[in-house]
Protein chains: 2
Amino acid sequence: MSEDAVDLNAKFDLFSEHWSPKLVARLNDYEVKLVKVKGDFVWHSHEETDELFLVLDGRLTIQLRDRDVTLGPGQLFVVPRGVEHCPRSDTEAKVLLLEPAGVVNTGDTGGALTAEVEQI
Amino acid sequence: MSEDAVDLNAKFDLFSEHWSPKLVARLNDYEVKLVKVKGDFVWHSHEETDELFLVLDGRLTIQLRDRDVTLGPGQLFVVPRGVEHCPRSDTEAKVLLLEPAGVVNTGDTGGALTAEVEQI
């Protein structure tokens, strides 16, 4: 691997906390973030943007108001803008997030799980 | 997996041709595409956008004018807008591309490898 490439597994080894997305790459005004998730997040939505979840390891359930979307490694789902969702993982999952820069992880809900995005 | 999730391996099983990106998901005005690559592509650049390459299987070399960036599974690289590049894979690689809708695979070079993007 070249030094300016991004190795996702190596990046995941740099942190252990849950629900705290880390910035690993930029694409125009979009950001690629990695997050470890475990347990239940909070119900929220993003009025201004879609949000892409790609599971790299483990199993992630994206609870929607009308159904659950469950993802394993190599599976992705795009939550449409404005749609309420609550991610959950009973064990732990490693997830790649893609969305415009500046999106707050808890959307319009806020609260204790709101995280500052650190670049790693 | 829920039916509206996207399984990347299942999508790759739907086609075999090289250098012909397939649309598998949309995120706002961006597109997630899958492509199988083998051999050399053409030197080109995209004046209007960065372009993200995430390797899912195999090995991809993104030749730049001043160096090569080599990626294996779980490694990504963002080619900055305007930077000439020529992807190459000596065996075969399965790659996820992310870029704004409407980007032409051969950029400002065109030619026989220019592909229409089909949704699968």
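**Two chains and their contacts**

Author: Happy to. In this predicted model, chain A superposes on chain B by a rotation of 180° with 0.0 Å of shift along its axis, at an RMSD of 0.0 Å. That is the relation of a two-fold axis.

Reader: Nice. Which surface do the copies meet through?

Author: The copies meet through the same surface, because 100% of the interface residues of chain A are also interface residues in chain B.

Reader: How many residues are in contact?

Author: There are 32 residues of chain A in contact with 32 residues of chain B. In chain A, the residues that lose the most area to chain B are A:L27, A:N28 and A:L76, together 24% of what that side buries.

Reader: And what is the area buried between the chains?

Author: About 2600 Å², with carbon and sulfur atoms giving 54% of that.

Reader: You mentioned A:L76. What does A:L76 touch?

Author: Leaving out residues up to four places away in sequence, A:L76 touches A:L52, A:F53, A:L54 and A:L71, and from chain B it touches B:A5, B:V6, B:L8, B:A25 and B:V32. The largest nonpolar core has 32 residues, and A:L76 is one of those that touch the most other members, along with A:V32, A:L52, B:V32, B:L52 and B:L76.

Reader: Switching to charges: how many salt bridges are there across the interface?

Author: The rule finds two across the interface of chain A and chain B, and the count over all chains comes to 17. In one of the pairs, the side chains of B:R67 and A:D4 meet at 2.2 Å, N to O. B:R67 lies in the loop between β5 and β6 of chain B and A:D4 in the segment before β1 of chain A, so this pair joins two chains.

Reader: What else does B:R67 pair with?

Author: B:R67 also forms a salt bridge with B:D66, at 3.0 Å from N to O. B:D66 is exposed, with a relative accessible area of 61%.

Definitions and conventions
Residues are numbered from 1 along each chain as its sequence is written. Chains are lettered from A and ligands numbered from 1 in the order in which they are written. This is a predicted model: local features need pLDDT of at least 70, side-chain atom pairs count only at pLDDT 80 or more; totals for chains, interfaces and linings use all residues. Side-chain values use heavy atoms; hydrogens and water are left out. Copies are superposed by least squares on the C-alpha atoms of residues with pLDDT of at least 70 in both. Contact means heavy atoms within 4.5 Å. A nonpolar core is a set of buried Ala, Val, Leu, Ile, Met, Phe, Trp, Tyr and Cys residues joined through side-chain atoms within 4.5 Å. Buried means under 20% relative accessible area, exposed over 50%, partly exposed in between (1.4 Å probe, protein chains only). Buried area is the accessible area (1.4 Å probe) that two parts lose on being put together, summed over both. A salt bridge is a side-chain nitrogen of Lys or Arg within 4 Å of a carboxyl oxygen of Asp or Glu. Helices (H or I, at least four residues) and strands (E, at least two) are DSSP runs, numbered from the N terminus.
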